[in-house]
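User: I have a two-chain model open and would like to talk it through before I set anything up. Could you walk me through it?

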Amino acid sequence: MSEWWTYRPSDFLLFSARTYWRLFELYNADLWPWQGVALVLGIGLLAATTLRGGERVVRVAFIGLAGCWLWVAWAYHLERYASINWAATWLAAAFALQGLVLLVQAGVGRRRVRERTDLARTVGVALTAYAVLAQPVLGRLVDRPWSQAEVFGLAPDPTVLATLGLLLATEASTAADRAARVLAHLAWPLPLLWCALSGATLWTLQTPHAGVLPLAGLLALGVAWRTRRAATTGPRPRRS
Amino acid sequence: MAVARAAGGQAVQSAAVHTKPIPSTGEALPLVGLGSWITFNVGNDRVAREACAEVMRAFLGAGGRMIDSSPMYGSSQAVIGEGLARLGQPAAVFAADKVWVSTGKDGPAQIEASRRLWRVPRFDLLQVHNLLGWEAHLPTLLAMKAARQLRYVGITTSEGRRHREIEALMRSQPIDFVQVSYNLLDREVEQRILPLARERGIAVIANRPFREGALLRELQRHALPRWASDIDCDGWAQFALKFIVSHPALTCAIPATSSVAHVRQNMGAATGRMPDEAMRRRMAAHVESL
(Lines give C-alpha, C1' and ligand atoms only; values in the text may rest on other atoms or scores of the structure.)
Protein backbone atom coordinates (compact mmCIF):
# COMPACT_ATOMS: atom_id res chain seq x y z
CA MET A 1 0.00 0.00 0.00
CA SER A 2 1.66 3.21 -1.15
CA GLU A 3 1.37 6.45 0.83
CA TRP A 4 0.30 4.32 3.79
CA TRP A 5 0.84 7.21 6.16
CA THR A 6 -2.08 9.07 4.59
CA TYR A 7 -4.58 6.37 5.61
CA ARG A 8 -6.78 6.65 8.69
CA PRO A 9 -8.74 3.89 10.48
CA SER A 10 -11.91 5.22 8.83
CA ASP A 11 -10.44 4.43 5.41
CA PHE A 12 -10.66 0.74 6.30
CA LEU A 13 -14.14 0.85 7.77
CA LEU A 14 -16.51 -0.66 5.24
CA PHE A 15 -19.82 -0.33 7.08
CA SER A 16 -21.91 2.06 9.13
CA ALA A 17 -22.58 1.82 12.87
CA ARG A 18 -26.20 1.01 12.07
CA THR A 19 -25.18 -1.96 9.91
CA TYR A 20 -22.68 -3.18 12.51
CA TRP A 21 -25.18 -3.25 15.37
CA ARG A 22 -27.93 -4.66 13.16
CA LEU A 23 -25.54 -7.56 12.59
CA PHE A 24 -25.67 -8.34 16.33
CA GLU A 25 -29.44 -7.91 16.36
CA LEU A 26 -29.93 -10.43 13.56
CA TYR A 27 -27.30 -12.76 15.08
CA ASN A 28 -29.05 -12.70 18.45
CA ALA A 29 -32.42 -13.29 16.83
CA ASP A 30 -31.05 -16.32 14.97
CA LEU A 31 -29.53 -17.78 18.15
CA TRP A 32 -32.33 -17.07 20.62
CA PRO A 33 -32.68 -18.58 23.26
CA TRP A 34 -29.11 -19.91 23.34
CA GLN A 35 -27.97 -16.67 24.95
CA GLY A 36 -29.22 -18.22 28.22
CA VAL A 37 -26.92 -21.22 27.81
CA ALA A 38 -24.01 -18.90 27.05
CA LEU A 39 -24.77 -16.89 30.18
CA VAL A 40 -24.77 -20.06 32.30
CA LEU A 41 -21.45 -21.04 30.76
CA GLY A 42 -20.05 -17.60 31.55
CA ILE A 43 -21.25 -17.72 35.14
CA GLY A 44 -19.62 -21.16 35.43
CA LEU A 45 -16.35 -19.67 34.20
CA LEU A 46 -16.68 -16.84 36.68
CA ALA A 47 -17.35 -19.32 39.49
CA ALA A 48 -14.29 -21.35 38.52
CA THR A 49 -12.03 -18.32 38.88
CA THR A 50 -13.77 -16.92 41.96
CA LEU A 51 -14.00 -20.14 43.96
CA ARG A 52 -10.40 -21.19 43.31
CA GLY A 53 -10.97 -24.23 41.17
CA GLY A 54 -8.33 -26.92 40.94
CA GLU A 55 -6.64 -28.26 37.81
CA ARG A 56 -9.70 -30.20 36.67
CA VAL A 57 -12.01 -27.20 36.97
CA VAL A 58 -9.54 -24.95 35.15
CA ARG A 59 -9.18 -27.57 32.42
CA VAL A 60 -12.95 -27.61 31.90
CA ALA A 61 -12.96 -23.80 31.86
CA PHE A 62 -10.31 -23.75 29.11
CA ILE A 63 -12.22 -26.35 27.09
CA GLY A 64 -15.41 -24.30 27.39
CA LEU A 65 -13.59 -21.13 26.39
CA ALA A 66 -11.97 -22.89 23.43
CA GLY A 67 -15.45 -23.92 22.30
CA CYS A 68 -16.58 -20.29 22.52
CA TRP A 69 -13.66 -19.12 20.33
CA LEU A 70 -14.40 -21.81 17.74
CA TRP A 71 -18.09 -20.90 17.78
CA VAL A 72 -17.37 -17.17 17.36
CA ALA A 73 -14.94 -18.00 14.52
CA TRP A 74 -17.59 -19.87 12.60
CA ALA A 75 -20.98 -18.44 13.60
CA TYR A 76 -20.00 -14.80 14.01
CA HIS A 77 -16.96 -14.07 11.84
CA LEU A 78 -17.44 -16.48 8.97
CA GLU A 79 -21.23 -16.62 8.80
CA ARG A 80 -22.14 -13.03 9.70
CA TYR A 81 -19.29 -10.53 9.94
CA ALA A 82 -17.77 -11.68 6.64
CA SER A 83 -20.93 -10.45 4.89
CA ILE A 84 -19.93 -6.83 5.60
CA ASN A 85 -16.16 -7.17 6.10
CA TRP A 86 -14.06 -9.26 3.71
CA ALA A 87 -11.26 -9.36 6.31
CA ALA A 88 -13.52 -11.37 8.63
CA THR A 89 -12.47 -14.58 6.86
CA TRP A 90 -8.99 -14.01 8.26
CA LEU A 91 -10.43 -13.12 11.62
CA ALA A 92 -12.34 -16.40 11.60
CA ALA A 93 -9.08 -18.27 10.99
CA ALA A 94 -7.38 -16.37 13.82
CA PHE A 95 -10.22 -17.10 16.25
CA ALA A 96 -10.20 -20.79 15.26
CA LEU A 97 -6.44 -20.89 15.87
CA GLN A 98 -6.93 -19.33 19.29
CA GLY A 99 -9.61 -21.95 20.03
CA LEU A 100 -7.10 -24.68 19.19
CA VAL A 101 -4.41 -23.07 21.36
CA LEU A 102 -6.83 -23.03 24.30
CA LEU A 103 -7.77 -26.66 23.64
CA VAL A 104 -4.12 -27.72 23.66
CA GLN A 105 -3.68 -25.65 26.80
CA ALA A 106 -6.53 -27.59 28.40
CA GLY A 107 -5.08 -30.92 27.30
CA VAL A 108 -1.38 -30.43 28.07
CA GLY A 109 -0.88 -27.51 30.42
CA ARG A 110 -1.67 -28.07 34.07
CA ARG A 111 -3.02 -24.83 35.55
CA ARG A 112 -4.80 -23.78 38.71
CA VAL A 113 -6.42 -20.62 40.00
CA ARG A 114 -4.01 -18.24 41.73
CA GLU A 115 -4.03 -17.43 45.44
CA ARG A 116 -6.87 -15.15 46.59
CA THR A 117 -4.39 -12.43 47.56
CA ASP A 118 -2.79 -12.36 44.11
CA LEU A 119 -3.52 -9.12 42.19
CA ALA A 120 -3.56 -11.03 38.89
CA ARG A 121 -6.41 -13.17 40.16
CA THR A 122 -8.40 -10.16 41.36
CA VAL A 123 -8.04 -8.40 38.01
CA GLY A 124 -8.75 -11.66 36.13
CA VAL A 125 -11.97 -12.22 38.05
CA ALA A 126 -12.97 -8.59 37.49
CA LEU A 127 -12.39 -8.87 33.73
CA THR A 128 -14.37 -12.12 33.56
CA ALA A 129 -17.21 -10.63 35.60
CA TYR A 130 -17.28 -7.59 33.34
CA ALA A 131 -17.32 -9.77 30.21
CA VAL A 132 -20.11 -12.04 31.40
CA LEU A 133 -22.33 -9.67 33.37
CA ALA A 134 -21.58 -6.07 32.35
CA GLN A 135 -20.77 -6.23 28.63
CA PRO A 136 -24.32 -7.24 27.59
CA VAL A 137 -25.68 -4.27 29.56
CA LEU A 138 -23.22 -1.82 28.04
CA GLY A 139 -25.26 -1.29 24.87
CA ARG A 140 -28.34 -0.36 26.90
CA LEU A 141 -26.37 2.35 28.67
CA VAL A 142 -25.72 4.04 25.32
CA ASP A 143 -29.29 3.57 24.10
CA ARG A 144 -28.85 0.48 21.99
CA PRO A 145 -31.68 -2.06 22.31
CA TRP A 146 -31.27 -5.32 24.24
CA SER A 147 -31.64 -7.16 20.96
CA GLN A 148 -28.15 -5.87 19.99
CA ALA A 149 -26.45 -7.05 23.20
CA GLU A 150 -22.99 -8.60 23.00
CA VAL A 151 -23.18 -11.88 24.89
CA PHE A 152 -20.21 -13.82 26.24
CA GLY A 153 -19.47 -16.95 24.23
CA LEU A 154 -21.39 -15.70 21.19
CA ALA A 155 -19.90 -12.26 20.51
CA PRO A 156 -16.16 -11.66 20.17
CA ASP A 157 -15.54 -8.79 22.62
CA PRO A 158 -16.84 -10.40 25.84
CA THR A 159 -15.32 -13.74 24.84
CA VAL A 160 -11.91 -12.11 24.42
CA LEU A 161 -12.19 -10.25 27.74
CA ALA A 162 -13.17 -13.42 29.61
CA THR A 163 -10.19 -15.19 28.05
CA LEU A 164 -7.82 -12.51 29.30
CA GLY A 165 -9.53 -12.86 32.69
CA LEU A 166 -8.98 -16.62 32.82
CA LEU A 167 -5.37 -16.33 31.65
CA LEU A 168 -4.70 -13.78 34.39
CA ALA A 169 -6.52 -15.61 37.14
CA THR A 170 -4.72 -18.92 36.58
CA GLU A 171 -1.08 -20.01 36.73
CA ALA A 172 0.99 -23.09 35.98
CA SER A 173 0.41 -25.64 38.74
CA THR A 174 4.11 -26.14 39.22
CA ALA A 175 6.86 -23.72 38.38
CA ALA A 176 8.64 -26.50 36.50
CA ASP A 177 5.68 -27.08 34.16
CA ARG A 178 7.28 -25.50 31.12
CA ALA A 179 4.51 -26.64 28.75
CA ALA A 180 1.83 -24.82 30.74
CA ARG A 181 3.84 -21.59 30.77
CA VAL A 182 4.73 -21.69 27.07
CA LEU A 183 1.15 -22.44 26.07
CA ALA A 184 -0.10 -19.64 28.29
CA HIS A 185 2.21 -17.24 26.45
CA LEU A 186 0.88 -18.43 23.10
CA ALA A 187 -2.66 -17.73 24.27
CA TRP A 188 -2.06 -14.00 24.88
CA PRO A 189 -1.27 -12.33 21.51
CA LEU A 190 -4.55 -12.87 19.68
CA PRO A 191 -6.83 -11.61 22.48
CA LEU A 192 -4.62 -8.55 22.87
CA LEU A 193 -4.62 -7.90 19.12
CA TRP A 194 -8.39 -8.19 19.08
CA CYS A 195 -8.62 -5.62 21.89
CA ALA A 196 -6.75 -3.16 19.68
CA LEU A 197 -8.65 -4.04 16.50
CA SER A 198 -12.10 -3.95 18.07
CA GLY A 199 -11.27 -0.74 19.89
CA ALA A 200 -10.21 0.88 16.60
CA THR A 201 -13.40 -0.32 14.89
CA LEU A 202 -15.67 1.01 17.64
CA TRP A 203 -13.72 4.27 17.84
CA THR A 204 -14.15 4.75 14.09
CA LEU A 205 -17.85 3.99 14.47
CA GLN A 206 -17.89 6.71 17.18
CA THR A 207 -19.12 4.25 19.81
CA PRO A 208 -18.98 5.83 23.32
CA HIS A 209 -17.43 2.73 24.94
CA ALA A 210 -14.74 2.27 22.27
CA GLY A 211 -11.96 2.60 24.82
CA VAL A 212 -13.11 -0.21 27.12
CA LEU A 213 -11.54 -3.12 25.27
CA PRO A 214 -8.13 -1.50 24.58
CA LEU A 215 -7.93 -0.32 28.20
CA ALA A 216 -8.85 -3.80 29.46
CA GLY A 217 -6.19 -5.29 27.21
CA LEU A 218 -3.56 -2.86 28.50
CA LEU A 219 -4.60 -3.55 32.09
CA ALA A 220 -4.36 -7.31 31.58
CA LEU A 221 -0.98 -6.97 29.87
CA GLY A 222 0.35 -4.69 32.59
CA VAL A 223 -0.75 -6.96 35.42
CA ALA A 224 0.59 -10.05 33.63
CA TRP A 225 3.92 -8.29 33.08
CA ARG A 226 4.12 -7.23 36.73
CA THR A 227 3.25 -10.74 37.95
CA ARG A 228 5.84 -12.36 35.70
CA ARG A 229 8.51 -9.87 36.74
CA ALA A 230 7.79 -10.50 40.40
CA ALA A 231 7.98 -14.27 39.83
CA THR A 232 11.30 -14.14 37.95
CA THR A 233 13.10 -11.66 40.18
CA GLY A 234 11.69 -12.93 43.49
CA PRO A 235 12.14 -11.10 46.80
CA ARG A 236 15.35 -9.08 46.99
CA PRO A 237 17.87 -10.37 49.55
CA ARG A 238 18.33 -8.02 52.48
CA ARG A 239 21.64 -6.32 52.94
CA SER A 240 23.34 -7.26 56.15
CA MET B 1 -41.33 19.71 -14.48
CA ALA B 2 -41.25 16.52 -16.47
CA VAL B 3 -42.85 13.18 -15.77
CA ALA B 4 -40.30 10.39 -15.73
CA ARG B 5 -41.07 6.70 -15.76
CA ALA B 6 -39.32 5.33 -12.72
CA ALA B 7 -37.87 1.85 -12.37
CA GLY B 8 -40.66 -0.52 -11.47
CA GLY B 9 -43.17 1.47 -13.52
CA GLN B 10 -43.88 4.13 -10.90
CA ALA B 11 -44.49 7.56 -12.40
CA VAL B 12 -42.45 10.23 -10.69
CA GLN B 13 -42.52 13.95 -11.25
CA SER B 14 -39.03 15.29 -11.57
CA ALA B 15 -37.49 18.46 -12.87
CA ALA B 16 -35.28 18.08 -15.94
CA VAL B 17 -31.95 16.68 -14.84
CA HIS B 18 -28.88 18.42 -16.25
CA THR B 19 -26.38 16.20 -18.01
CA LYS B 20 -22.86 16.52 -19.32
CA PRO B 21 -21.32 14.62 -22.21
CA ILE B 22 -18.69 11.95 -21.70
CA PRO B 23 -15.90 13.54 -23.76
CA SER B 24 -14.80 10.36 -25.53
CA THR B 25 -18.28 9.58 -26.96
CA GLY B 26 -20.62 12.49 -26.28
CA GLU B 27 -23.00 10.24 -24.35
CA ALA B 28 -24.97 12.33 -21.85
CA LEU B 29 -24.64 11.53 -18.14
CA PRO B 30 -26.72 13.14 -15.37
CA LEU B 31 -24.60 15.36 -13.12
CA VAL B 32 -25.36 13.34 -10.02
CA GLY B 33 -24.75 9.62 -9.66
CA LEU B 34 -25.06 7.18 -6.75
CA GLY B 35 -22.10 5.88 -4.76
CA SER B 36 -22.29 2.75 -2.65
CA TRP B 37 -19.29 3.02 -0.27
CA ILE B 38 -20.46 2.03 3.24
CA THR B 39 -24.15 2.83 2.64
CA PHE B 40 -24.93 -0.25 0.53
CA ASN B 41 -22.73 -2.66 2.51
CA VAL B 42 -25.56 -4.06 4.61
CA GLY B 43 -24.70 -7.76 4.41
CA ASN B 44 -27.63 -10.16 4.46
CA ASP B 45 -30.00 -7.82 6.29
CA ARG B 46 -33.26 -8.23 4.36
CA VAL B 47 -34.79 -5.00 5.68
CA ALA B 48 -31.70 -2.95 4.84
CA ARG B 49 -31.46 -4.52 1.37
CA GLU B 50 -35.06 -3.51 0.65
CA ALA B 51 -34.25 0.01 1.84
CA CYS B 52 -31.27 0.15 -0.56
CA ALA B 53 -33.51 -0.97 -3.42
CA GLU B 54 -35.87 1.90 -2.56
CA VAL B 55 -32.94 4.32 -2.67
CA MET B 56 -32.09 3.00 -6.13
CA ARG B 57 -35.74 3.30 -7.19
CA ALA B 58 -35.84 6.92 -6.04
CA PHE B 59 -32.49 7.65 -7.73
CA LEU B 60 -33.53 6.22 -11.07
CA GLY B 61 -36.99 7.72 -10.76
CA ALA B 62 -35.45 11.16 -10.36
CA GLY B 63 -33.48 10.70 -13.57
CA GLY B 64 -30.21 9.30 -12.19
CA ARG B 65 -28.11 6.82 -14.13
CA MET B 66 -24.59 6.14 -12.82
CA ILE B 67 -24.29 3.71 -9.91
CA ASP B 68 -20.73 3.14 -8.73
CA SER B 69 -19.32 0.30 -6.65
CA SER B 70 -16.22 -1.84 -6.09
CA PRO B 71 -15.27 -5.34 -4.95
CA MET B 72 -13.75 -3.55 -1.97
CA TYR B 73 -17.15 -2.39 -0.72
CA GLY B 74 -18.20 -5.59 1.05
CA SER B 75 -21.70 -6.68 0.07
CA SER B 76 -22.49 -3.51 -1.92
CA GLN B 77 -22.25 -5.18 -5.33
CA ALA B 78 -24.66 -7.94 -4.32
CA VAL B 79 -27.03 -5.39 -2.79
CA ILE B 80 -26.99 -3.37 -6.03
CA GLY B 81 -27.58 -6.55 -8.04
CA GLU B 82 -30.56 -7.49 -5.89
CA GLY B 83 -31.90 -3.95 -6.12
CA LEU B 84 -31.61 -3.91 -9.91
CA ALA B 85 -33.42 -7.27 -10.09
CA ARG B 86 -36.22 -5.93 -7.86
CA LEU B 87 -36.54 -2.90 -10.14
CA GLY B 88 -36.76 -5.03 -13.28
CA GLN B 89 -33.22 -4.43 -14.57
CA PRO B 90 -33.81 -0.80 -15.62
CA ALA B 91 -32.10 -0.05 -18.91
CA ALA B 92 -31.15 3.49 -17.89
CA VAL B 93 -28.57 2.32 -15.35
CA PHE B 94 -24.98 3.20 -16.10
CA ALA B 95 -23.12 0.42 -14.28
CA ALA B 96 -19.74 1.59 -13.00
CA ASP B 97 -17.52 -0.76 -11.04
CA LYS B 98 -13.85 -1.34 -10.35
CA VAL B 99 -11.16 -3.96 -10.42
CA TRP B 100 -9.38 -4.16 -7.09
CA VAL B 101 -6.82 -6.93 -6.87
CA SER B 102 -3.04 -6.70 -6.87
CA THR B 103 -2.24 -9.33 -9.50
CA GLY B 104 -3.22 -9.02 -13.13
CA LYS B 105 -4.06 -12.70 -13.55
CA ASP B 106 -6.82 -12.42 -10.93
CA GLY B 107 -8.40 -9.39 -12.61
CA PRO B 108 -10.67 -11.13 -15.16
CA ALA B 109 -12.05 -13.55 -12.55
CA GLN B 110 -12.80 -10.69 -10.17
CA ILE B 111 -14.49 -8.68 -12.93
CA GLU B 112 -16.66 -11.66 -13.84
CA ALA B 113 -17.56 -12.24 -10.17
CA SER B 114 -18.50 -8.56 -9.89
CA ARG B 115 -20.65 -8.76 -13.04
CA ARG B 116 -22.53 -11.76 -11.64
CA LEU B 117 -23.17 -9.94 -8.37
CA TRP B 118 -24.51 -6.92 -10.26
CA ARG B 119 -26.58 -9.28 -12.49
CA VAL B 120 -25.84 -7.19 -15.57
CA PRO B 121 -24.77 -8.44 -19.02
CA ARG B 122 -21.76 -6.11 -18.98
CA PHE B 123 -20.42 -3.06 -17.20
CA ASP B 124 -20.58 0.38 -18.76
CA LEU B 125 -17.45 1.53 -16.93
CA LEU B 126 -14.67 -0.38 -15.21
CA GLN B 127 -12.01 1.49 -13.30
CA VAL B 128 -8.73 0.44 -11.72
CA HIS B 129 -9.43 1.02 -8.03
CA ASN B 130 -6.84 3.27 -6.38
CA LEU B 131 -4.43 2.35 -9.21
CA LEU B 132 -3.91 -1.08 -7.61
CA GLY B 133 -2.07 -3.21 -10.16
CA TRP B 134 -2.90 -0.75 -12.97
CA GLU B 135 0.03 -1.97 -15.11
CA ALA B 136 -1.68 -5.33 -15.49
CA HIS B 137 -5.33 -4.29 -15.34
CA LEU B 138 -5.41 -1.43 -17.83
CA PRO B 139 -4.45 -3.67 -20.80
CA THR B 140 -7.18 -6.11 -19.71
CA LEU B 141 -9.81 -3.38 -19.51
CA LEU B 142 -8.78 -1.83 -22.81
CA ALA B 143 -8.94 -5.26 -24.47
CA MET B 144 -12.43 -5.77 -23.02
CA LYS B 145 -13.45 -2.40 -24.43
CA ALA B 146 -12.06 -3.30 -27.85
CA ALA B 147 -14.03 -6.55 -27.72
CA ARG B 148 -17.21 -4.60 -26.80
CA GLN B 149 -17.42 -6.32 -23.43
CA LEU B 150 -17.08 -2.93 -21.79
CA ARG B 151 -17.92 0.61 -22.86
CA TYR B 152 -15.53 2.79 -20.88
CA VAL B 153 -12.24 2.45 -19.00
CA GLY B 154 -11.11 4.53 -16.04
CA ILE B 155 -8.81 4.90 -13.06
CA THR B 156 -9.57 6.07 -9.53
CA THR B 157 -7.97 7.54 -6.47
CA SER B 158 -9.30 9.20 -3.36
CA GLU B 159 -8.34 11.81 -0.81
CA GLY B 160 -5.52 13.24 -2.88
CA ARG B 161 -3.37 10.12 -3.08
CA ARG B 162 -1.04 9.29 -5.99
CA HIS B 163 -2.00 12.34 -8.03
CA ARG B 164 1.32 12.34 -9.90
CA GLU B 165 0.68 8.82 -11.15
CA ILE B 166 -2.89 9.74 -12.00
CA GLU B 167 -1.61 12.63 -14.09
CA ALA B 168 0.96 10.43 -15.80
CA LEU B 169 -1.69 7.86 -16.72
CA MET B 170 -4.07 10.56 -17.93
CA ARG B 171 -1.31 11.67 -20.31
CA SER B 172 -0.18 8.24 -21.44
CA GLN B 173 -3.20 5.93 -21.41
CA PRO B 174 -6.36 6.02 -23.56
CA ILE B 175 -8.73 6.20 -20.59
CA ASP B 176 -12.28 7.58 -20.69
CA PHE B 177 -12.77 8.39 -17.00
CA VAL B 178 -10.79 9.46 -13.98
CA GLN B 179 -12.32 9.39 -10.49
CA VAL B 180 -10.92 11.67 -7.79
CA SER B 181 -12.00 13.23 -4.49
CA TYR B 182 -13.38 16.72 -4.95
CA ASN B 183 -15.56 18.83 -2.70
CA LEU B 184 -15.89 22.33 -1.23
CA LEU B 185 -12.82 21.81 0.97
CA ASP B 186 -10.71 19.26 -0.94
CA ARG B 187 -9.89 21.19 -4.11
CA GLU B 188 -6.35 20.17 -4.95
CA VAL B 189 -7.49 18.59 -8.23
CA GLU B 190 -8.43 22.05 -9.51
CA GLN B 191 -4.73 22.83 -9.92
CA ARG B 192 -3.64 20.15 -12.39
CA ILE B 193 -5.94 17.15 -12.75
CA LEU B 194 -9.15 18.92 -13.76
CA PRO B 195 -7.43 21.15 -16.36
CA LEU B 196 -5.60 18.07 -17.68
CA ALA B 197 -8.91 16.18 -17.94
CA ARG B 198 -10.36 18.96 -20.08
CA GLU B 199 -7.25 19.06 -22.22
CA ARG B 200 -7.21 15.28 -22.74
CA GLY B 201 -10.99 14.83 -23.09
CA ILE B 202 -11.37 12.63 -20.02
CA ALA B 203 -14.59 12.48 -18.00
CA VAL B 204 -14.23 13.20 -14.28
CA ILE B 205 -16.18 11.55 -11.45
CA ALA B 206 -16.02 13.25 -8.04
CA ASN B 207 -16.04 10.89 -5.06
CA ARG B 208 -16.43 11.81 -1.37
CA PRO B 209 -18.44 14.96 -2.20
CA PHE B 210 -19.51 15.26 1.45
CA ARG B 211 -16.33 13.83 3.03
CA GLU B 212 -18.39 10.80 4.07
CA GLY B 213 -20.96 13.08 5.66
CA ALA B 214 -18.51 14.97 7.86
CA LEU B 215 -18.64 18.07 5.63
CA LEU B 216 -22.44 18.19 5.73
CA ARG B 217 -22.52 17.68 9.50
CA GLU B 218 -20.20 20.64 9.87
CA LEU B 219 -22.08 22.85 7.39
CA GLN B 220 -25.45 22.07 8.93
CA ARG B 221 -24.36 23.86 12.09
CA HIS B 222 -24.69 27.06 10.06
CA ALA B 223 -27.58 28.69 8.22
CA LEU B 224 -27.64 28.31 4.45
CA PRO B 225 -26.87 31.72 2.94
CA ARG B 226 -29.86 33.47 1.42
CA TRP B 227 -28.12 33.84 -1.92
CA ALA B 228 -28.11 30.02 -2.24
CA SER B 229 -31.66 30.37 -3.54
CA ASP B 230 -30.19 32.15 -6.59
CA ILE B 231 -28.91 28.75 -7.70
CA ASP B 232 -31.98 26.83 -6.49
CA CYS B 233 -30.39 25.15 -3.48
CA ASP B 234 -32.79 23.85 -0.87
CA GLY B 235 -30.06 22.83 1.59
CA TRP B 236 -26.35 22.33 2.17
CA ALA B 237 -26.25 19.01 0.29
CA GLN B 238 -27.38 20.70 -2.92
CA PHE B 239 -25.06 23.62 -2.22
CA ALA B 240 -22.09 21.25 -1.93
CA LEU B 241 -23.05 19.17 -4.97
CA LYS B 242 -23.80 22.14 -7.22
CA PHE B 243 -20.38 23.54 -6.44
CA ILE B 244 -18.76 20.27 -7.55
CA VAL B 245 -20.71 19.48 -10.69
CA SER B 246 -20.60 23.06 -11.98
CA HIS B 247 -16.85 22.83 -12.50
CA PRO B 248 -16.41 22.73 -16.28
CA ALA B 249 -14.21 19.64 -16.15
CA LEU B 250 -16.53 17.62 -13.88
CA THR B 251 -18.84 15.06 -15.41
CA CYS B 252 -20.67 13.85 -12.31
CA ALA B 253 -20.49 13.47 -8.55
CA ILE B 254 -21.38 10.23 -6.78
CA PRO B 255 -22.73 10.89 -3.28
CA ALA B 256 -23.65 7.76 -1.32
CA THR B 257 -26.71 7.57 0.87
CA SER B 258 -29.04 5.03 2.45
CA SER B 259 -31.94 7.49 2.62
CA VAL B 260 -34.62 7.99 -0.03
CA ALA B 261 -35.13 11.60 1.10
CA HIS B 262 -31.42 12.30 0.76
CA VAL B 263 -31.09 10.72 -2.68
CA ARG B 264 -33.98 12.89 -3.90
CA GLN B 265 -32.30 15.93 -2.41
CA ASN B 266 -29.00 14.96 -4.04
CA MET B 267 -30.67 14.54 -7.41
CA GLY B 268 -32.16 18.00 -6.97
CA ALA B 269 -28.62 19.34 -7.28
CA ALA B 270 -28.68 18.29 -10.93
CA THR B 271 -31.69 20.51 -11.61
CA GLY B 272 -32.44 24.22 -11.70
CA ARG B 273 -29.99 27.07 -12.01
CA MET B 274 -26.31 26.20 -11.71
CA PRO B 275 -23.53 28.41 -10.35
CA ASP B 276 -21.27 30.28 -12.75
CA GLU B 277 -17.58 30.84 -12.05
CA ALA B 278 -18.18 33.94 -9.92
CA MET B 279 -20.79 32.13 -7.86
CA ARG B 280 -18.48 29.14 -7.41
CA ARG B 281 -15.79 31.41 -6.00
CA ARG B 282 -18.37 32.95 -3.65
CA MET B 283 -19.50 29.49 -2.51
CA ALA B 284 -15.98 28.31 -1.77
CA ALA B 285 -15.09 31.55 0.04
CA HIS B 286 -18.24 31.37 2.13
CA VAL B 287 -17.57 27.80 3.27
CA GLU B 288 -13.93 28.58 4.04
CA SER B 289 -15.08 31.52 6.19
CA LEU B 290 -17.38 29.39 8.38
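This is a predicted model: local features need pLDDT of at least 70, side-chain atom pairs count only at pLDDT 80 or more; totals for chains, interfaces and linings use all residues.

User: Fine, so how many helices and strands does chain A have, and in what order do they run?

Analyst: Chain A has nine helices and two strands, and from the N terminus the elements follow one another as α-α-α-α-β-α-α-β-α-α-α. Its radius of gyration is 18 Å, close to the 18 Å that the globule rule gives for 240 residues, so chain A is as compact as a globular protein of that length. The C-alpha trace spans about 65 × 45 × 30 Å along the principal axes, and 42% of the 240 residues are buried.

User: And what about chain B?

Analyst: Chain B contains ten helices and eleven strands, and its C-alpha atoms fill a box of roughly 55 × 45 × 30 Å along the principal axes. For 290 residues a compact globule would have a radius of gyration near 19 Å, and the 18 Å of chain B agrees with that. Buried residues account for 51% of the chain.

User: Where is the kink in it?

Analyst: The kink, of about 50°, lies at A:Ala134, shortly before the proline A:Pro136. A:Pro136 is itself among the buried residues of H5(A), as are A:Gln135, A:Val132 and A:Arg121. Just after the helix, A:Asp143 takes a positive phi of about 70°.

User: Which elements do the buried residues of H5(A) pack against?

Analyst: They pack against helices H2 (34-50), H6 (156-169) and H9 (212-233) and strand E1 (111-113), which belong to chain A as well.

User: Which residues touch the most other members of the largest nonpolar core?

Analyst: That core has 151 residues, and A:Leu65, A:Leu168, B:Val204, B:Ala240 and B:Val245 are the ones that touch the most other members. The largest share of the core, ten residues, comes from helix H3 (residues 55-78) of chain A.

User: How many residues are in contact between the two chains?

Analyst: There are 14 residues of chain A in contact with 13 residues of chain B. By class, the side of chain A that touches chain B has six nonpolar, six polar and two charged residues.

User: Last one, B:Arg208: buried or exposed?

Analyst: B:Arg208 counts as buried because it has 22 C-beta neighbours inside 10 Å, where 20 or more is the cut-off. B:Arg208 sits in the loop between strand E10 (203-207) and helix H7 (214-219) of chain B.

User: What is B:Arg208 in contact with, then?

Analyst: Leaving aside neighbours within four places in sequence, B:Arg208 is in contact with B:Ser158, B:Glu159, B:Ser181 and B:Asn183. B:Ser158 is 50 residues away from B:Arg208 in sequence, yet the two are 7.8 Å apart in space, C-alpha to C-alpha.

Terms used. Residues are numbered from 1 along each chain as its sequence is written. Chains are lettered from A and ligands numbered from 1 in the order in which they are written. Helices (H or I, at least four residues) and strands (E, at least two) are DSSP runs, numbered from the N terminus. The radius of gyration is taken over C-alpha atoms; the globule rule is 2.2 Å times the number of residues to the power 0.38. A residue is buried if 20 or more other C-beta atoms lie within 10 Å of its own, exposed if 12 or fewer, and partly exposed in between; C-beta atoms are placed from the backbone. The bend at a residue is the angle between axes fitted to the seven residues ending there and the seven starting there. Two residues are in contact if their C-beta atoms, placed from the backbone, lie within 7 Å. Ala, Val, Leu, Ile, Met, Phe, Trp, Tyr, Cys and Pro count as nonpolar, Asp, Glu, Lys and Arg as charged, and the others, Gly among them, as polar. A nonpolar core is a set of buried Ala, Val, Leu, Ile, Met, Phe, Trp, Tyr and Cys residues joined through C-beta atoms within 7 Å.
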